[in-house]
Amino acid sequence: MSKRDKTLKEILDLILYENPSTQDEIAEKLGISRRYVTQLLQPLVKDGTIKRAYMIDLKSYEKFTESYEQHTPPKNSASNVLINDMLNNMARHVHSQLEASFQAVLEYDVDKANKALEMDYTTNNLVEKIRTSVETIVSIDQHSEFSKSMLYTEIAYDLERIGDYCGHVAKFVINDVYTIDDNVLRKLKKMYKTAQKMISLAMKSFIDAETDLKEDLMELEDSIHILQSKSINLIATQMAENSFDEKERSNYFIYLFRVIKAFERIGDISVEMMDVAIEFHDNIPRPTTPRSFR
């Protein structure tokens, strides 16, 4: 890195982490002239990397610094251990949320379904705690790699999305008046177990850097899609045997489809989490094409 680029990088880091209010303050802190500060910053102000009041556009900042060697904190640093523990706790809670939701379906228990739905408040609080913790760590650690640190937050948001789909499962009991046919229920039990395994594998790949688990995860994804297809075929047969004049019966099929879709989406999100893990640990960017078009 040239001396000029090194100085510019120091200026950007100063703006990003110490929030100076004037160019004079920047010059004083770095021991350089104000004129030199102006000279270095002017092109970045013009191209939008630096905005009003010395605010940095982080995407532009990442592009500017990506060619520089940066120190990345070791994976067992205190900050990483803290966030990993928080993610593990959140994953355990989401596992419990999914278990409670499906148990309510198995027992057709409205009270248990409502309690499962209440668990989503904790899920939402956990994702906010992780988000703010990551932002705090980034703000106080000048050497943290911003893009990688934000991947922690992505995993938390993915777990939150799984929590939302757990709600779809629990709501089946609240919304409906029919129990599920035994043949369909057997398929749902398998989808539930597969979804739980997929969440576990995705989290293990991210926390423990075991990205070689992707092959196992993809086999489970194929399995859950096959189960989804078989379940839909069973329901289609049942629908053909029933009159759509019965509004309650029609609603039953709609809500049942949502349960099946919820398990399928939980599997898809688990694969997305695996892609995040591979980007985090192996530096392989995730595909930009949406999964539904691959």
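Modeller: Before we start, buried means under 20% relative accessible area, exposed over 50%, and partly exposed in between (1.4 Å probe, protein chains only). This is a predicted model, so local features need pLDDT of at least 70, side-chain atom pairs count only at pLDDT 80 or more, and totals for chains, interfaces and linings use all residues. Residues are numbered from 1 along each chain as its sequence is written, and side-chain values use heavy atoms, with hydrogens and water left out.

Colleague: Phe 102 and Tyr 192: buried or exposed?

Modeller: Phe 102 sits in helix α5 (residues 78–107) and Tyr 192 in helix α8 (residues 182–207); helices here are DSSP runs (H or I, at least four residues), numbered from the N terminus. As for accessibility, Phe 102 and Tyr 192 are both buried.

Colleague: How many aromatic pairs are there?

Modeller: Rings of Phe, Tyr and Trp (its six-membered ring) pair if their centres lie within 6.5 Å; planes under 30 degrees apart count as stacked, over 60 as edge-to-face and the rest as tilted. By that rule the count is eight.

Colleague: And what kind of pair do Phe 102 and Tyr 192 make?

Modeller: Their ring centres are 4.8 Å apart. The planes meet at 15 degrees, so the pair is stacked.

Colleague: Which kind do Tyr 152 and Phe 280 form?

Modeller: Those rings are 5.2 Å centre to centre. With 65 degrees between the planes, the pair is edge-to-face.

Colleague: How many residues apart are Tyr 152 and Phe 280?

Modeller: Tyr 152 is in helix α7 and Phe 280 in helix α10 (residues 247–282). The pair links distant parts of the chain, and the separation is 128 residues.

How values were computed
Helix = DSSP H or I, 4+ residues; strand = E, 2+ residues; numbered from the N terminus.
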